Amino acid sequence: MTPRYHKLMMATILTLATSSQGLLTTASKSNGEYRYNFATVPFLAEILKLVVSSLLLHRQYLMDPKGTHITRDWKSALLFPIPSIIYLIHNNVQFLTLQYVDPSTYQILGNLKIVTTGLLFRIILKRHLNRLQWIALALLMIGATISQISCDKGSTLAAPSMGYVLGIISACLSALAGVYTEKLMKMNNDNLYWQNIQLYGFGVIFNGLRLFFDDINVGYSNGISLWPRVVTRGYNVITWFVVFNLAFTGLLVSWIMKYADTIVKVYSTSMAMLVTMLLSIILFDISPNLQLLLGILTSSISLRLYYFDTAELHPDSNKNSKLRDRI
């Protein structure tokens, strides 16, 4: 299998895993409500990713100790909590944004992260995007937005200016977290699993601190969330599938950040949203609408344009160059 098709396969799996996350989360409800503390899901997922990465690193080291590159430098390790800090700030900005805008408007504003990712991709990673790729990213944002607009809600996009400012900041933070993580994963030739251990180790710490401070805010009325019997309170089989799927998705994302790029992740998550809508139509007997069909069509065209080989636009010149090479 060529590297290109390997990346395509991993991106497809990420799309399916991401799209199933929302459906599994909805299915984990009992009598229409969540019986468990939702904040415990990412905490347990981070622990699972940390354990899996540790086991894979141990296996890799036993198979090829010389080829398993590990940097034991505290200065390098201090770079790994930064994505968690960015996501922490991003989550708080999300909360503030929802105080000014309705969920539909917030979802639409979230699509700005597609373009902001492209901008930071160029600024931070120094990656060049041609005009066709910029058009493709704009089409992806338009396609995702079209699929989310409801004709029944005239108030969509009617919000105070502060809501738009916070929405833009949220999109920039989301893009920054993704682009910075890619830069972090590619800054050296360290083993992927070793990098995951550092990344998820800090993830466990930050998610654990969140649970700890949540308990303080409510005066430990629900017990100590970090206690094993409390952290899984209200869990059912589907809830565990939510945890496993979230962990699996995170491991896929780290692979894509290491061996592909952030744009692949952006396309995977955007297409996952459309796949989720399609599955909702099939599973919950929801009537399809024109917006969804137009969104899928626009996003598909965007995907084709972004990975379009511009050399195909000049087939005659390619033939002439090959002929000159032969001569």
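Buried means under 20% relative accessible area. The model shown in these views is predicted.

**View 1. Tyrosine 36 and tyrosine 235 form an edge-to-face aromatic pair.** Tyrosine 235 has a relative accessible area of 14%, so tyrosine 235 is buried. Tyrosine 36, at 6% relative accessibility, also counts as buried. The ring centres of tyrosine 36 and tyrosine 235 are 5.4 Å apart, with 65° between the planes. Tyrosine 36 sits in the loop between helix 1 (3-27) and helix 2 (40-63), and tyrosine 235 in the loop between helix 10 (228-231) and helix 11 (237-259), so the pair ties together parts 199 residues apart in sequence. Ring pairs join Tyr34, Tyr36, Phe38, Tyr235, Trp240 and Phe244 into a cluster. The structure holds eleven aromatic pairs.

**View 2. Tyrosine 267 and tyrosine 307 form a tilted pair.** Tyrosine 267 is buried, at 3% relative accessible area. Tyrosine 307 is partly exposed, at 37%. Their ring centres lie 6.2 Å apart and their planes meet at 55°.

**View 3. The largest nonpolar core has 15 residues.** Ile114, Leu137, Ile263, Tyr267 and Tyr306 touch the most other members. Helix 6 (112-123), helix 7 (131-148), helix 8 (161-185) and helix 12 (262-284) each give two or more residues to this core. Helix 7 supplies the largest share, four residues. Beyond four places in sequence, leucine 137 touches Ile114, Gly118, Leu129, Ile263, Tyr267, Ser302 and Tyr306.

**View 4. Serine 302 lies in helix 13 (residues 290-306).** Serine 302 counts as buried, at 0% relative accessibility. Leaving aside neighbours within four places in sequence, serine 302 contacts Ala136, Leu137, Leu139, Leu140 and Tyr267.

How values were computed: Residues numbered from 1 in each chain as written. Predicted model: local features only at pLDDT ≥ 70, side-chain atom pairs only at ≥ 80, totals over all residues. Heavy atoms only, no water. Buried < 20%, exposed > 50% of the residue type's maximum accessible area, 1.4 Å probe, protein only. Contact = heavy atoms within 4.5 Å. Core = buried A, V, L, I, M, F, W, Y, C linked by side-chain atoms within 4.5 Å. Phe/Tyr/Trp six-rings, centres within 6.5 Å; stacked < 30°, edge-to-face > 60°.
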